[in-house]
Amino acid sequence: MWKLDQVAEGHDPWLLSTNDFVGRQVWKFDPDLGTPEEQAAVEKAREKFSQNRFQVKASSDVLKNLQLIKENGIDLSIPSVRLGDREEITREIAEIALRKAVRFTSALQTRDGHWPSEFSGLLFVQPFLVIALYITGTLNTILLPEHKREMVRYIYNHQNEDGGWGFHIESHSIMLCTALNYVSLRLLGEEPEGGKDGAVAKARKWILDHGGVTMISIWGKYFLSFIGLYEWSGCNPVPPECLLLPSFLPFNPGNFWCYFRTVYIPLAYLYGKKFVAPITDLVILLREELYIQSYGEVDWTKARNSCLKKDLYKPHSLVENVLSSVLYYLAEPLYTSWPFSKLREKALARAMRFIRYEDEHTGYLTLGSVEKSLNMIANWAEDPNQDSLKRHRATVPEYLWVAEDGMKVQNLGSQLWDSVFATQAIIASNLTDEYGSTLRKAFNFIKLSQVQFLSCRLYKPYNLIRENPSGDFQSTYHQICKGAWTLSVKDQGWQVSDCTAEALKTLLLLSQMPADIVGDTIEVEQLYEAVDFLLTLQSENGGFSAWEPATSPQWMEMFNPTETFGGVMVETEYVDCTASVTQALALFSHLHPEYRGKEIETSVAKATHYIENAQMADGSWYGNWGICYTYAAYIVLVALAAVGKTHRNSEVVCKGCDFLLSKQLKSGGWGESYFSCRNSEYTPLDGNRSNLVQTAWTMVGLIRAGQAERDATPLHQAARLLINSQLESGEFPQQEITGASVKTSMLHYASYRNIFPLWALGEYRKHVVLPKQNT
C-alpha cells in the first residue's frame, strides 16, 4: 500500500534543504501497510475511477485523503443537509454545510502545516521523465515494480476512447502525447499487444492512421531524438550560440520568459551536441512500430516542419519558417565546421554553466518537470558519473504522485499555493476559534517557506547552507527574490508574484488573530521584504508580472517555435497576478502604513488602473492561471473591493458583476470550458453543466462586490447548489479541472474542489443576510 511521507534529514544523503525539508513529500510503497479494509477502500476507489474515467477525468486524491483523515483522527460524522426545491436556506443550514467543509479540509493538513495535493494534468510530462530515466540508466532503480505498475495504470486510465492521448487529461487526442505515452508504455515494460482490450495496439493504430511519428510536434521530435527514435536532421535548430549574444539583443536567452529559457538552454545544449543515447534493441523495435515507412526511408528534411493539425495551437509564421530555414541550411553547417566550431564549443560550455547554476539554485528540483527531465539528460550527456546526477536522482520521487487513477508526474508541486488558499478559506469561515491548531501549523509553514536571501543562491553541498552567489548573479538570468514565496517549497527557490501576494495576505490576516490561536507572530521585517520583492515586478502600465520584470518586447511572440503553447516567449503582465498583488498591498498598507506608504499608494493606484483598463467590452477579464473569464472576474472583483470599489461606486465592478450574472445557469451555478483559454472567447461547458469550483469563485467575487445588496437571489441559488452537492464526508465531488496556463495547458489542482466551495460558503454565511430557522 502507498503512503505519503514527508522528506526528512537522512532521507537521502544527496538531498539538500535550507529549512529541514518543510513541505517536501514523497510517496513510498509498503507491502505490509494497511488493514484489509483500508486496502479494499483503495481498490474500490481505483475501480470506481476506471469505470467512470470518461465522465470524470481527474482524480479525487482518494489515497492521500484516506491516509490523512486516519492520521489526524478527525471525526467527519456531522449529519448532512439537503434542501428541497423551494426550501429556504437558513443560517443554521449554511453553518452545518460550512462546518462540514471546514472539518474535512482541516483533516487533510500534514503535521508540518501544509496541505499536500495533486498538481498535474499534462500528459506529456510523464513520458519525458520516463525517457530521461531510461537514458540515464535509472529506470529500474528509481522506479520499483510498484511504481511502474501505477504509472502504467495512469497511462491507461487517461487513454481516450479513440486510442490516443490528449495534451491534458480532458483534451482530444494528439500525436505528441499519443506517441510519447506509447513509447512510455513500451519503456515501462508493456508489450506491443498489451493492455486491456488491446490498448497498446489501439494506440499504435491511432499513430499510424495519423501519419506516424514524423507528424509529432517539435518537443516530441527532440525527445525522440534523444533516444534514437527520430533523427536530429528532422528537427528545427535550437542553436546554443544564442547564449553568446549580447544581453541588449532580443534573442539573448536572458530576455526570454523564464520557463521558455530554462527549457531552451538544456535543449540547446543537447541539440548542439546532437546527443543520442546508446541505441537499444527496444528502440530498434519501436522504430518499426511507429513509422508508416521504413525508418531508413524517412525524408527527415521534409519531416522537420511536419506537424499534425490536431497538435497545432500556433502554426509557424512565414518569418519563423524563414528564420528556421536559414539556421538549418546555413548557420548549422557553419557552426559544425572549423573554425566556427569553436563558437559551438564555447556556447555549449556556457549552456552547461547555466544548467549547473539552475540545478544548484533549485536544489535539483528545477523550475518544473520538463526542465527536470532535460537537465538530467544534459548532465548525463556531459558526464554520466558526476555527482549532479546523483542529486537529480534523489529528487525525482518528489515529482511523483499517487492517486486512485495511478502514479503520475506532477508539473511541480503546489504546496504553498494550496496551503495559503486553504488557510484563507478557513479564516473566511469565522470558525477560527475551533481550528486554532490548524491555523497555527499553517502560520508556521508559511513563515518557514519564505525566501530570505538577497538573491537566488547556491547550495553548499555538504553543510547545507545557502549563500548569495559570488559575482553578478544576474549574468545567469536570475532576479532578486529575497522576501518572496514559491509555488511549492522554499528549497525550489523560484519566486512568484501571486504566490508571494497570497502568502503575504494570509500572514497579515493571521497576524491580526490572538497569539493563543495562531502562535508566535511573524517578524515585521519579513513582511517588508515581501513588499519590496513585489514592487520590483510592477511595470510602467501598472500591471504585475509573475516571475520576473516584464522588460522584453511582446513582438517576440511571433517567433514562438513551440507549436503547442501560446504566450511563452517573454514575461508579461497578468491581470490575475495584478489582482492578487493589489489585495496584498492594500491590506499591508492598512496594517503597516509606516513602511513605504506613498510608494505603495501609488503602486496600488496604478495596478487598479491597469485592472480597470484590462476589462473587455462585455465586462469580462481574461484569466491566465485559471479557467478563464470566470477565474479572472472572481479575483479582480475581490481586488477592486479591497481598494474600496464595489457596485455602489464603480461602473467597472457593475459591468463585471453583470458579466458573471449573465453566465449563471438554471442550476444556480457557473460552468466554463477550457476552450475559453484556447480561443479567447467565453465557452460554456458541454450540456451547460455547472462546475462547483467556478461557482464558488463567482460567489466570492459577487459577494465582495456587494451583490447581496443589489439582489441576493443569484447567491442563494448558487449556495443551494453547493450545499446540495456536498458529500457525506464534507467534501465536494471532483468535476472538470479548473487550472490553466499558456493558453493550452490545463492543470488539475486537486485541492480546489474543497477549498473554494468552503470559502464561498464562509463568505455567504458572513455577508449574506439569512433567516434563522424556526423553532
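Strand β13 of this predicted model sends S745, L747 and Y749 to one side and M746 and H748 to the other, and all of these residues are buried (under 20% relative accessible area, with exposed meaning over 50% and partly exposed in between, for a 1.4 Å probe and protein chains only). The strand is thus mostly covered, five of its five residues being buried. Helices (H or I, at least four residues) and strands (E, at least two) are DSSP runs, numbered from the N terminus. Residue numbers count from 1 along each chain as its sequence is written. Local features need pLDDT of at least 70 and side-chain atom pairs count only at pLDDT 80 or more, while totals for chains, interfaces and linings use all residues, and side-chain values use heavy atoms, with hydrogens and water left out.

Strands of a sheet pair through backbone hydrogen bonds, either parallel or antiparallel. Here, an open sheet of three strands runs in the order β3-β13-β12, with antiparallel pairing (two strands pair if DSSP finds at least two bridges between them). The edges are taken by β3 (119-120) and β12 (739-741); each has a single partner strand, so one side of each is left without a neighbour in the sheet. Between β3 and β13 (residues 745-749) there are two antiparallel bridges: F119 has Y749 as its bridge partner, and S120 has H748. On the other flank, β12 and β13 pair in the antiparallel sense over three bridges, with G739 standing opposite L747. The hairpin of β12 and β13 has three residues between the strands, and V742 takes a positive phi near 40° there.

Turning to the helices, α16 (residues 387-395) holds the buried residues S388, L389, R391, H392, A394 and T395. The elements that cover them include α14 (341-361) and α15 (369-382).

A loop residue also deserves a look. S673 is found between α25 (651-662) and α26 (675-679) and is buried, with a relative accessible area of 7%. A polar atom of the S673 side chain lies 3.0 Å from the backbone nitrogen of F675. Leaving aside residues up to four places away in sequence, S673 touches I627, T683, P684 and L685 (contact meaning heavy atoms within 4.5 Å).

Finally, the whole structure contains 33 salt bridges (a side-chain nitrogen of Lys or Arg within 4 Å of a carboxyl oxygen of Asp or Glu). One of them joins the side chains of E289 and R186, at 2.9 Å from N to O. This pair links distant parts of the chain, with E289 in helix α11 (residues 281-290) and R186 in helix α7 (residues 175-187), 103 residues apart. Both ends are covered: E289 is buried at 12% relative accessible area, and R186 is buried at 7%.

Another salt bridge connects E193 with R204, the closest N and O atoms being 2.8 Å apart. Since E193 lies in the loop between α7 and α8 (199-209) and R204 in helix α8, the pair ties together parts that are eleven residues apart in sequence. E193 is exposed at 56% relative accessibility, whereas R204 is buried at 15%. In the salt bridge of R596 with E599, the closest N and O atoms are 2.7 Å apart; R596 is partly exposed at 27%, as is E599 at 43%. Salt bridges that share partners also join E43, R46, E150 and R153 into one network.

Note on methods: Polar contact = N/O pair within 3.5 Å; in protein donor to acceptor, adjacent residues only side chain to side chain.
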